[in-house]
Amino acid sequence: MENSIYYSKIIYNSLKQLNLCRIYSQTYIKHILAIILSVFTAGFKGKTVNFEQSSPCHRTTIAHFLNHGKWNDSILEDTLKQTVIDIIY
């Protein structure tokens, strides 16, 4: 869990640097952080069960966010693409 807290600060700062904290609400950012941390923890097999380990929310809350959340994922995608292009150049 210590590593999760450490890495969540790094990831949060990276999202903040991309100005995503201005675009998305804190709730959305927390869910995105939980998903990112779950993806990279050992043993993740693509199930929402692992979300509980890196989020204070119940796993069904994050699953509901993924399935029914009203957010514009193209903004996130465009921001990440632009960041990668900037790094390459």
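Modeller: Start with burial: buried means under 20% relative accessible area, exposed over 50%, and partly exposed in between, with a 1.4 Å probe and protein chains only. Helices are DSSP runs of H or I with at least four residues, strands are runs of E with at least two, and both are numbered from the N terminus. This is a predicted model, in which local features need pLDDT of at least 70, side-chain atom pairs count only at pLDDT 80 or more, and totals for chains, interfaces and linings use all residues. Residues are numbered from 1 along each chain as its sequence is written, and side-chain values use heavy atoms, without hydrogens and water.

Colleague: How many helices and strands are there?

Modeller: The protein has five helices and zero strands. Of its 89 residues, 27% are buried.

Colleague: Which residues of α4 are buried?

Modeller: An α-helix has 3.6 residues a turn, so residues three or four places apart point the same way. In α4, residues 59-68, the buried ones are Ile-62, Ala-63 and Phe-65. They lie on the same side of α4 because their arc, taken from the directions from the helix axis to the C-beta atoms, is only 155°. The face turned away from that buried side carries Asn-67 and His-68, which are exposed.

Colleague: What covers the buried residues of α4?

Modeller: Contact means heavy atoms within 4.5 Å. The cover includes α3, residues 26-40.

Colleague: How many aromatic pairs are there?

Modeller: Rings of Phe, Tyr and Trp (its six-membered ring) pair if their centres lie within 6.5 Å; planes under 30 degrees apart count as stacked, over 60 as edge-to-face and the rest as tilted. The count is two. Tyr-28 and Phe-65 have ring centres 5.1 Å apart and planes at 70°, so this pair is edge-to-face. Tyr-28 is in α3 and Phe-65 in α4, so the pair ties together parts 37 residues apart in sequence.
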